[in-house]
Structures are given as structure tokens and as C-alpha cells.
Amino acid sequence: MVSALYAVLGALLLIKFSFDVARLRMQYRVSYGDGGFSELQSAIRIQSNALEYIPIALVLLLFMEMNGAETWMVHVCGLLLLAGRLMHYYGLHQRLGRWKRSGLSATWCSLLLMVLANLWYMPWELVFTLH
């Protein structure tokens, strides 16, 4: 399954973002919240934003593949998602609004493509069967 590759890569991103938050919490000795440290605020937002998008995107990607979408479509959507998340990370981390917006746009495009692909490839005859 191709989507498993993107699940692994997405999980690695989430692990990296979580590690960054934990490292900064230890460095600044902050257990809850951000303690007013802008670097920790950014790390928390990077992690939270990834947690908002990656799980649902991976579910859509898996369903898309299970519904019979072409392999190249799964790769395009998975790569667009990962590129979007990395650009968003870079934009927030470096405080570059253009990168942040581009990353969010790429993420939204990947989600929209996955929604459309799922609607196209969905086995509608099974959806509307009553037995």
C-alpha cells in the first residue's frame, strides 16, 4: 500500500515536531503553555497545526487508495501534503509568511484533491445498497 509510505513519513514529521516542543519545554523549564517564549510558541503551533491536518489527510489518502485510485494519484496527493507541511513548518519556524501561506495552500490542495478523488472512486453502488 502506497499510503503506508506517507503515513510513516507523516508520523516522522509529527515525532520531529513533538521532539522540538519537548526539547524547548525542558530548555525553558515550561510544563504548560508556552511560558511567553516565542520560540516555544512557534514550536507548539507547528506541532498543533500538523496534528490538525496530517491525521485526516492520511485517512483520506488510505480510503482513496482502497477505493481504487491510480497509484500516481496517491503519490501526488501524498507528496503535496508532505511538501505543504514542510513549507508550513519552514515558514512558521523562520517567520516567513509567504512560505507559511504556500504550505497551507499546498495542504488544502492535497485535501481537496483527496476529497474529489474519494468522491470519484467511491463504490457508490455499495454506499446506497440497503442489504
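The structure is a predicted model, in which local features need pLDDT of at least 70 and side-chain atom pairs count only at pLDDT 80 or more, while totals for chains, interfaces and linings use all residues. Residues are numbered from 1 along each chain as its sequence is written, and side-chain values use heavy atoms, with hydrogens and water left out.

**Overall architecture**

The protein chain contains 5 helices and 0 strands, where helices (H or I, at least four residues) and strands (E, at least two) are DSSP runs numbered from the N terminus. The order of elements from the N terminus on is α-α-α-α-α. Taken along the principal axes, the C-alpha atoms fill a box of roughly 55 × 35 × 25 Å.

Of the 131 residues in the protein chain, 37% are buried; buried means under 20% relative accessible area, exposed over 50%, and partly exposed in between (1.4 Å probe, protein chains only). The accessible surface of the chain is about 8,000 Å², and carbon and sulfur atoms account for 69% of that surface. Such areas come from the Shrake-Rupley method with a 1.4 Å probe, and for residues only the protein chains shown count as cover. Among contacts (heavy atoms within 4.5 Å) with a separation of 6 or more, 62% join residues 24 or more positions apart.

**Helix α2**

Helix α2 covers residues 38–66, which is 29 residues, and reaches 42 Å from its first C-alpha to its last, close to the 42 Å expected at 1.5 Å a residue. The expected span is 1.5 Å times one less than the number of residues. At Leu51, α2 bends by about 25°, and the proline Pro55 follows within four residues; the bend is the angle between axes fitted to the seven residues ending at a position and the seven starting there. Just after α2, Gly68 adopts a positive phi of about 100°.

Gln47 also belongs to helix α2 and is buried, at 17% relative accessibility. Residues up to four places away in sequence aside, Gln47 touches Phe17, Ser18 and Val21.

**Nonpolar cores**

A nonpolar core is a set of buried Ala, Val, Leu, Ile, Met, Phe, Trp, Tyr and Cys residues joined through side-chain atoms within 4.5 Å. The largest such core has 25 residues, of which Tyr6, Phe17, Leu61, Met64, Leu111 and Met114 touch the most other members. Helices α1, α2, α3 and α4 (97–121) each supply at least two residues of this core, and α2 gives the largest share, 9 residues. Not counting residues up to four places away in sequence, Met114 touches Ala57, Leu60, Leu61, Met64 and Cys77. A second, separate core of 6 residues includes Val21, Leu24, Leu40 and Ile44.

**Aromatic pairs**

A pair of aromatic rings is described by the distance of the centres and the angle of the planes. Rings of Phe, Tyr and Trp (its six-membered ring) pair if their centres lie within 6.5 Å; planes under 30 degrees apart count as stacked, over 60 as edge-to-face and the rest as tilted.

| Pair | Class | Centre to centre | Angle between planes |
|---|---|---|---|
| Phe17 and Tyr89 | stacked | 5.2 Å | 25° |
| Tyr90 and Trp99 | edge-to-face | 5.0 Å | 70° |

Phe17 lies in helix α1 (residues 2–28) and Tyr89 in helix α3 (residues 71–94), so their pair ties together parts that are 72 residues apart in sequence. Phe17 is buried at a relative accessible area of 3%, and Tyr89 is buried at 17%.

Leu82 is located in helix α3 and is buried, with a relative accessible area of 11%. Apart from neighbours within four places in sequence, Leu82 is in contact with Tyr6, Leu9, Gly10 and Leu13. The C-alpha atoms of Leu82 and Gly10 are 7.1 Å apart, although the two residues are 72 residues apart in sequence.

Val8 lies in helix α1 and is partly exposed, with a relative accessible area of 48%. Between the C-alpha atoms of Val8 and Leu58, 50 residues apart along the chain, the separation is 10.0 Å.
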